[in-house]
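Colleague: I am new to this structure and would like to go through its side chains with you. Please show it to me, and then I will ask.

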Amino acid sequence: MLTWGEYHRETLFTRHELACWTGRTGDIADAIDSLQSLAVDQQHALGPADPDTLFTKHDLACWQGQAGQPVLAAKSLATLRISRADVLGADHPRTLTLRGDLARWRAKAGNPAGAVRDLRRLLCDRERILGQNHPSTLTTQRDLASWIGEAGDPAGAVREFSSLIPDLEEVLGPGNVVNLTARDNQITWRARSGDNLGTDRESSRLLLDMADFLGATHPTTLTARHNHADRQGASGDAAGATVSFRNLLIDFERNLGAGHPSTELCRRGLTYWESRLRGGGR
């Protein structure tokens with residue numbers, strides 16, 4: 001029987017994978033503990049500058065952000081970016097991925113304008129290295145569009161998504177998760193920009209497409225249903241939002257578990273729109 005040993009690279013990699021899948025099941029605290037322990041062992045066995053050690057620190061920072069510590073995540077990734085560029089090179093795919101994650105957590109830490117600036121630079125680099133229609137380039141453009149909206153320019157976000165979605169459909173196909181998510185984001189920013197005409201119809205069509213391509217209870221479909229329910233409430237239909245959230249919560253609990261962060265977010269949405277309904281919301 002083959003035994004690699006506690007500090008063999010493959011053993012350490014398996015621990016990394018296990019930790020990340022633990023986080024994806026909703027146990028983020030355990031994922032963070034596992035990655036912290038793994039990073040110590042990798043530094044001992046492989047060295048602090050080994051690509052696998054840096055990869056673990058990258059994922060650790062992102063899970064810390066998921067746990068509600070975006071400032072810590074952004075700070076850790078900003079430091080790690082220097083080490084990764086030194087070890088792998090500024091144009092290495094993992095370095096570029098880290099820059100995208102850094103922009104995300106910088107925005108979530110309260111600096112969406114900084115994220116827009118970072119993503120514009122990253123987009124230029126991805127276009128130079130990978131080409132305009134590479135999936136990673138298009139994903140960066142999608143993220144840029146979203147943070148343009150979060151930075152206070154919802155109309156600008158709509159324009160970015162309007163130019164992006166045809167390219168996504170051509171390169172990735174109409175049923176790709178990235179394309180479907182971009183459509184959902186475009187609808188959200190169109191509603192936030194005050195253009196509610198047709199958004200309900202577009203949203204309903206999108207949910208049908210997601211159910212066909214991904215399934216009605218796929219996590220991406222559940223997220224889109226959450227966004228749809230929020231848009232219902234924001235447009236003045238507190239009763240419709242309440243019904244949507246009640247139905248959605250059942251599916252979140254059944255498919256992701258009662259304690260999953262997305263389930264808890266859905267539960268808070270239901271509580272909010274129920275309170276608005278009791279307060280006289282239409």
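Colleague: How many disulfides does a search of the whole structure find?

Modeller: A disulfide is a pair of cysteine sulfur atoms within 2.5 Å. This is a predicted model, where local features need pLDDT of at least 70 and side-chain atom pairs count only at pLDDT 80 or more, while totals for chains, interfaces and linings use all residues. Residues are numbered from 1 along each chain as its sequence is written, and side-chain values use heavy atoms, with hydrogens and water left out. Searched as a whole, the structure gives this number of disulfides: zero.

Colleague: Is Cys 266 buried or exposed?

Modeller: The relative accessibility of Cys 266 is 0%. On that value Cys 266 counts as buried.

Colleague: How many salt bridges are there?

Modeller: A salt bridge is a side-chain nitrogen of Lys or Arg within 4 Å of a carboxyl oxygen of Asp or Glu. Counted by this rule, the salt bridges come to 19.

Colleague: How many residues apart are Arg 9 and Asp 50?

Modeller: The side chains of Arg 9 and Asp 50 form a salt bridge, 3.0 Å from N to O. Arg 9 is in helix H1 (residues 9-24), and Asp 50 is in the loop between helix H2 (28-45) and helix H3 (51-66); helices are DSSP runs (H or I, at least four residues), numbered from the N terminus. The pair links distant parts of the chain, and the separation is 41 residues.

Colleague: Is Asp 50 buried or exposed?

Modeller: Arg 9 has a relative accessible area of 36% and is partly exposed. For Asp 50 the relative accessible area is 12%, so Asp 50 is buried.

Colleague: Which helix holds Asp 52, which meets Arg 9 in a salt bridge?

Modeller: Asp 52 and Arg 9 meet through their side chains at 2.9 Å, N to O. The two are 43 residues apart and link distant parts of the chain, with Arg 9 in helix H1 and Asp 52 in helix H3.

Colleague: What is the relative accessibility of Arg 15, which meets Asp 41 in a salt bridge?

Modeller: The side chains of Asp 41 and Arg 15 meet at 2.9 Å, N to O. This pair too links distant parts of the chain, from Asp 41 in helix H2 to Arg 15 in helix H1, 26 residues apart. Asp 41 is buried, with a relative accessible area of 16%. Arg 15 counts as partly exposed, at a relative accessibility of 26%.

Colleague: What is the angle between the planes of Tyr 272 and Trp 273?

Modeller: Rings of Phe, Tyr and Trp (its six-membered ring) pair if their centres lie within 6.5 Å; planes under 30 degrees apart count as stacked, over 60 as edge-to-face and the rest as tilted. The structure holds one aromatic pair. Tyr 272 and Trp 273 form this edge-to-face pair, with 4.8 Å centre to centre and an angle between the planes of 80°.

Colleague: Is Trp 273 buried or exposed?

Modeller: Tyr 272, at 39% relative accessibility, counts as partly exposed. Trp 273 has a relative accessibility of 7% and counts as buried.

Colleague: Over which ring does the charged end of Arg 94 sit?

Modeller: A charge sits over a ring if NZ of Lys or CZ of Arg is within 6 Å of the ring centre and within 35 degrees of the ring normal. The charged end of Arg 94 is 4.1 Å from the centre of its ring, which belongs to Phe 55.

Colleague: Which residues does Asp 118 touch, not counting residues up to four places away in sequence?

Modeller: Asp 118 lies in helix H6 (residues 112-130) and counts as buried, at 13% relative accessibility. Contact means heavy atoms within 4.5 Å. With residues up to four places away in sequence not counted, Asp 118 touches Ala 103 and Arg 106.

Notes: Buried means under 20% relative accessible area, exposed over 50%, partly exposed in between (1.4 Å probe, protein chains only).
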